[in-house]
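Visitor: I would like to learn how to read a protein model. Could you take me through one, feature by feature?

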Amino acid sequence: MQMRKKVHFIGVGGIGISALAKAYLNEGYIVQGSDISKAIAYLEPLGIKVFYGHNKNNISKDISKVIYTEAINSDNPELVSARKLGLDCVTYFEELGRYTKDKYLIAVSGTHGKTTTTAMIALCLINGGFDPSVIIGSKMKEIGDTNYRYGKTDIFVVEACEYRESFLGLEPNILVVTNIELDHLDYYRSESHYISAFVKLAKKIPRDGFLVINKKYLEIFKDIVQCSIIEIDESYNPVLQIPGQHNIENARHACTVSKILGIETPDNYLNKFTGTWRRFEILGEKKGVLVIDDYAHHPTEIEATLKSIKQKYPGRRVVCVFQPHQYSRTYRLDFSGSFIDADIVMVPNIYEARDTKEDKKRITAKQFAETLQPKAIYTRDFSNTVNVLRDILVSNDILVTMGAGDIREVSELILELI
């Protein structure tokens with residue numbers, strides 16, 4: 001009898017890497033993983049052994065492969081131990097590339113809209129009878145409120161993150177580029193450096209493949225790629241349940257992919273889509289206060305989300321609690337015009353992720369709040385933020401917590417306490 005191979009995931013709580021862990025579990029592997037977050041507890045009932053915290057003792061010689069998130073440092077004790085033991089160690093995207101190498105891969109990249117567009121494409125393909133596998137950077141109601149779907153065909157839809165050029169491990173047959181706007185400033189030196197990553201990925205599309213883009217990006221890719229370039233139809237204006245022009249743009253990309261694959265009526269599926277976890281997610285309403293949670297953390301995303309809220313709920317006061325994500329992004333990007341549609345902005349802290357000591361010296365949450373005057377206030381921490389909110393929120397207000405960190409805790413606490 002053949003022994004089942006064991007795979008260990010470092011940082012298994014990550015939304016992408018946890019999906020790959022589920023995929024390996026589905027393939028019959030013994031799967032285990034570690035993370036500093038206690039939120040990984042939900043993986044245990046699935047059959048994944050979890051370790052809380054990173055410890056060299058979590059690594060053993062019987063592990064056939066170690067897959068790690070690029071969010072960890074090179075001195076991570078598990079990664080160091082695995083390398084000393086001579087184990088096969090690969091990043092999440094390197095392994096995702098290996099895992100999908102023999103699949104018909106649809107990769108969705110871009111600065112904004114990756115998750116929603118991935119979900120929309122998946123929804124169209126599932127309902128169109130293609131039975132795809134899906135890995136998405138959020139939870140999707142239509143696939144069981146999770147981030148992974150196993151499909152019986154060779155079609156695989158994945159969300160492709162550009163951080164540290166990590167998506168270059170993929171070999172897409174169809175590549176969607178939703179948009180390109182400088183981000184991940186802890187890695188990319190300039191806009192040209194950032195754009196070059198997308199160009200490298202596009203060059204990997206085979207001759208019989210497709211690049212799906214907005215025509216504004218045509219100059220970047222034309223005469224560079226060997227595949228067909230398909231521009232989205234900007235006259236296509238679907239009626240969606242999720243608000244915002246940016247989501248119409250996402251739907252245009254999904255519609256284009258659907259039609260490449262022969263789905264002629266994607267509207268039938270797109271107009272039923274209600275969004276994903278932490279993307280304009282309505283958490284509830286209490287005492288007349290509507291509470292929304294959103295992942296937006298880039299200036300363009302913030303502006304688009306707040307504009308959508310004002311359009312959907314005209315006349316209501318919008319109180320935004322924004323948690324900047326990364327000191328490097330907070331310092332280098334211009335957020336000054338992003339909160340025009342918020343009536344009050346609160347900044348409790350900056351969520352640290354992959355930041356250096358030098359990054360943290362350049363700006364503080366208080367200094368950031370001062371750049372957003374007169375409508376922004378620094379509220380020090382979550383506890384004080386909740387206390388301030390309890391004092392100022394009144395019926396008919398909209399509270400939106402916003403950011404890529406743990407800011408959702410504030411909205412959840414408000415729903416408990418007001």
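Guide: Gladly! Let's begin with charge: Lys and Arg count as positive and Asp and Glu as negative, while His and the chain ends are not counted. The place of a charge is taken as NZ of Lys, CZ of Arg, CG of Asp or CD of Glu. Here the protein chain carries 52 positive and 53 negative side chains, and the centres of the two sets lie 3 Å apart. This is a predicted model, where local features need pLDDT of at least 70, side-chain atom pairs count only at pLDDT 80 or more, and totals for chains, interfaces and linings use all residues. Residues are numbered from 1 along each chain as its sequence is written, and side-chain values use heavy atoms, leaving out hydrogens and water.

Visitor: How many of the 418 residues, in percent, count as buried?

Guide: Buried means under 20% relative accessible area, with a 1.4 Å probe and protein chains only. In this chain, 56% of the 418 residues qualify.

Visitor: Which residues have the most contacts inside the largest nonpolar core?

Guide: A nonpolar core is a set of buried Ala, Val, Leu, Ile, Met, Phe, Trp, Tyr and Cys residues joined through side-chain atoms within 4.5 Å. The largest one has 46 residues, and F9, L20, I135, L170, L211 and F221 have the most contacts inside it. A second, separate core of 32 residues includes L123, I143, I174 and Y269.

Visitor: What does F9 touch?

Guide: Contact means heavy atoms within 4.5 Å. Leaving aside residues up to four places away in sequence, F9 touches several residues, among them I17, L20, V31 and I67.

Visitor: And the overall dimensions?

Guide: Along the principal axes, the C-alpha atoms fill a box of roughly 65 × 55 × 40 Å.

Technical notes. Buried means under 20% relative accessible area, exposed over 50%, partly exposed in between (1.4 Å probe, protein chains only).
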